[in-house]
Amino acid sequence: MDIQLVAEGLLFPEGPIAMNDGSVILTEIKGQRLTRIAPDGTKSVVAETGGGPNGAAIGPDGKIYVTNNGGSFEWLDAGGLTIPGPTPPSHVGGSIQRVDIATGKVETVYEACDGKRLVGPNDLVFDKQGGMWFSDHGCSTPEGKKFGGLYYALPDGSKIVRHKDHMVSPNGVGLSPDEKVVYMADTMLGRLWAFDVKAPGELADPPPFQPGRVVCNLPGYQLLDSLAVEADGKVCVATIINGGITAFDPDGTTEHYPFPDLLVTNICFGGPDMRTAWITASGTGKLYKATWPRPGLKLNFNA
């Protein structure tokens, strides 16, 4: 696989969006901002978000929606690698934000659901109807952990629904090409979940005594982060420790593509044939570009 370094010196990059002009807009979680990377690697700030901007996606209104964890990590240096650490005592919760690309204006769309504060929103994807599925990763506490969940919300702030609660560490979220399945990666379990969709924004009943269907549990100690879906339905999940991208077939078989970082956190697809993949290597603060073996799924909205 042809791998090229596009940019470096980023403060824990995540949430890449392949823009129509050939640039990539991504989040810098530690840097608390949205940054545009031009094709020549030049960096410019799109917006200062505060907190911990994690996932990002273009909504139906052409604005960027950000799952902001509210600053749920302290940052550690491990031999030159930037590592997310414990949740600081100052953390009170996260939010869903809306960012105007042209002006950099940042608005808060959601901070709570049914009176319960969002803990650490992590990743999101928009369906054809313009609603967003998003994950809440939860956070650590001195006593243990606040669990996360899976949500569906409308971008105008009028509706938010918690579909799954008490999940260990929800992270990457994506939709199958026919939008009949929501995929969600669980970081600490190394597991890819599948939840069947019965109607836009509604989930079918899962198998008895199970939150959803298990696509695959990775062997050994491998952690899963954010994801993107290929046009053929494979789910490409950023993989930590075994640094790279793991492509999951819906039948549970996998293949692994290594990248030079222990903390590979996200992938997005773009280019004329959707075979250009951008990968965030967060531990070393780099963005890579690669020609992917198969085309990625074109997202419903872009700018």
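**Strand 10 and its surroundings**

Strand 10 and strand 11 (residues 106–110) run antiparallel and are joined by 4 bridges. Within this pair, Gln97 stands opposite Thr108 in strand 11. The hairpin that the two strands form has 6 residues between them, and there Gly104 takes a positive phi near 80 degrees.

The model is predicted. Strand 10 also pairs with strand 7 (residues 64–68): here 5 bridges join the two, which again run antiparallel. On this side, Thr67 is the residue that stands opposite Ile96 in strand 10.

The side chains of strand 10 can be followed next. Ser95, Gln97 and Val99 point one way, while Ile96 and Arg98 point the other way. Residues in both sets are buried. Buried here means under 20% relative accessible area. Because 5 of the 5 residues of strand 10 (residues 95–99) are buried, the strand is largely enclosed by the rest of the structure.

The whole chain gives the setting. The protein chain has 31 strands and 0 helices. Of its 303 residues, 56% count as buried. A compact globule with 303 residues would have a radius of gyration near 19 Å, and the 17 Å of the protein chain agrees with this. Along the principal axes, the C-alpha trace spans about 50 × 40 × 40 Å. Among contacts with a separation of 6 or more, 47% are between residues 24 or more positions apart.

Methods. Residues are numbered from 1 along each chain as its sequence is written. This is a predicted model: local features need pLDDT of at least 70, side-chain atom pairs count only at pLDDT 80 or more; totals for chains, interfaces and linings use all residues. Side-chain values use heavy atoms; hydrogens and water are left out. The radius of gyration is taken over C-alpha atoms; the globule rule is 2.2 Å times the number of residues to the power 0.38. Buried means under 20% relative accessible area, exposed over 50%, partly exposed in between (1.4 Å probe, protein chains only). Contact means heavy atoms within 4.5 Å. Two strands pair if DSSP finds at least two bridges between them.
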